[in-house]
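Have the structure open, and turn it as you read.

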Amino acid sequence: MLVDHHLLEKYWAGLCTPAERKAVEQWMSEGIPEESYELRSPESEPMMKDQLWQRIALARQEENEIQQPVKIVRRPIWFRGIAIAAILILTIGLGIYVLNKQSPDTALIAYQELILPPGKKASISLSDGTKVYLNAGSRLRYPKKFSKTERRIFLDGEAFFEVAKNPEKPFYVQTKQTTTRVLGTRFNIQSWKGYADRLNVEEGRVRFTAAGCTDTLILHANMQGEFDGHSLIRTMVNSANKIAWTKGIMVFNDTKLSEVTAELERWYAVQIHLSDPGLANYRLKARFDNNPSLIDVLQGISFALNIKYNIKDKEVTLSR
């Protein structure tokens, strides 16, 4: 069966027969074709790509066909003291999409996806030698092989990057709101739903931009860029505190309790409730080393803020 742009459009629209869908997925599994196809759609290009990816991943999941395991590189130093069971995973899919205005070698990219549940952390090495440390509750989408002109990955959640130097091929980290461009450096990105995107640079120079914002930030070591949905803000920070999580250290610097509990939920895979909504605005300055247990952290918070805690199964309640 000939796979052309008409058939790809049917696939994307969910109108393929079982035989047509099988033909398209067989075509994709055979690798990157030499010819690219344009998918005509009224949707914006990012939305179209995202929808296509989700559809392909869902189709794979439905057929329960895990095509290739993702290589997980574990760092014992990171997780000392933490019982790390098998890292969950994931959806591995082979996706295609068309980048209408980019060079032919970026027109068709096969992506893999790593999804971590709350309570789990992991690190992976990308095909260019870049190392990515992924925090609990995060999702990373990355190509099995980068294009000839750029290295681009997609992040939901938090990750620390050690990007392999390559002046000829820039490295991009794309979140739902922001784009980070580097040539080779070390930095941390947070992109949690409901919170501002934050970029913290440990080493080198990074360009930070946001959708719908005309400003561009150039950030160096110990600088933070933040996008609040409207504008980009640059501040000086201690980057060591921002990447402490990669060493099993939890640092809160005048952090609202609502943000603290959100982080604890991701670290320990629990649900935390505030008996009084006013507690959400309490602020905490604290540091917990050596992969602290949940009990240790709750005792520290209870002492610092003069509040109480109660644990029942996976539920934690904080009260005055």
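This is a predicted model: local features need pLDDT of at least 70, side-chain atom pairs count only at pLDDT 80 or more; totals for chains, interfaces and linings use all residues.

The chain holds 6 helices and 18 strands. Of its 320 residues, 48% count as buried. Among contacts between residues at least 6 apart in sequence, 52% join residues at least 24 apart.

**The sheet of β15, β18 and β17**

- Three strands make up an open sheet, in the order β15-β18-β17, and their pairing is mixed.
- The edges are β15 and β17, each of which pairs on one side only.
- From one strand to the next, the twist averages 20°.
- In general, strands of a sheet pair through backbone hydrogen bonds, and they can do so in parallel or antiparallel fashion.
- On one side of the sheet, strand β15 (residues 271-274) runs parallel to β18, and 4 bridges join the two.
- Within that pairing, Ile272 stands opposite Val316 of β18.
- On the other pairing, strand β17 (residues 308-312) runs antiparallel to β18, with 5 bridges between them.
- Here Tyr309 stands opposite Leu318 of β18, and Lys312 has Glu315 of β18 as its bridge partner.
- β17 and β18 form a hairpin with 2 residues between the strands, and Asp313 in this hairpin takes a positive phi near 55°.

**The two faces of β18**

- Which residues of strand β18 (residues 315-319) are on its covered face, and which on its uncovered one? Val316 and Leu318 are on the covered face, while Glu315, Thr317 and Ser319 are on the uncovered one.
- As a general rule, side chains in a regular strand alternate between the two faces of the sheet.

**Helices α5 and α6**

- Helix α5 packs on the sheet, where it touches β15 and β18, and its direction makes about 160° with that of β15.
- Helix α6 also packs on the sheet, touching β17 and β18, and its direction makes about 155° with that of β17.
- Why is α5 said to be largely enclosed by the rest of the structure? The reason is that 9 of its 12 residues are buried, so the rest of the structure largely encloses this helix.
- The buried residues of α5 are Leu257, Val260, Thr261, Ala262, Glu263, Leu264, Arg266, Trp267 and Tyr268.
- These buried residues pack against β14 (250-256), β15, β16 (283-288), α6 (294-305) and β18.
- At 1.5 Å a residue, the 12 residues of α5 (residues 257-268) should span 16 Å, and this agrees with the 16 Å between its end C-alpha atoms.
- Ala269 follows α5 and has a positive phi, near 55°.

**Nonpolar cores**

- The largest nonpolar core has 31 residues, of which Ile153, Phe161, Phe171 and Phe187 touch the most other members.
- Strand β5 (residues 151-162) supplies the largest share of this core, with 4 residues.
- Leaving out residues up to four places away in sequence, Ile153 touches Leu126, Leu140, Arg141, Tyr142, Pro143, Phe146, Phe161, Phe171, Tyr172, Val173 and Gln174.
- There is a second, separate core of 25 residues, and among its members are Trp245, Met250, Ile272 and Leu284.

- The side chain of Gln224 makes a polar contact of 3.5 Å with the side chain of Asn200.
- Setting aside neighbours within four places in sequence, Gln224 is in contact with Arg198, Leu199, Asn200, Leu219, Ile233, Arg234, Thr235, Val237 and Lys242.
- Val24 lies in helix α2 (residues 18-29) and is buried, with a relative accessible area of 0%.
- Val24 and Met1 are 23 residues apart in sequence, and their C-alpha atoms are 8.9 Å apart in space.

Note on methods
Residues are numbered from 1 along each chain as its sequence is written. Side-chain values use heavy atoms; hydrogens and water are left out. Buried means under 20% relative accessible area, exposed over 50%, partly exposed in between (1.4 Å probe, protein chains only). Two strands pair if DSSP finds at least two bridges between them. A polar contact is a pair of N or O atoms within 3.5 Å; within protein, one must be able to donate a hydrogen and the other to accept it, and residues adjacent in sequence count only if both atoms are side-chain atoms. Contact means heavy atoms within 4.5 Å. A nonpolar core is a set of buried Ala, Val, Leu, Ile, Met, Phe, Trp, Tyr and Cys residues joined through side-chain atoms within 4.5 Å. The expected span of a helix is 1.5 Å times one less than its number of residues. Axes are lines fitted to C-alpha atoms, for helices over the stretch in contact, and angles run from 0 to 180 degrees between N-to-C directions.
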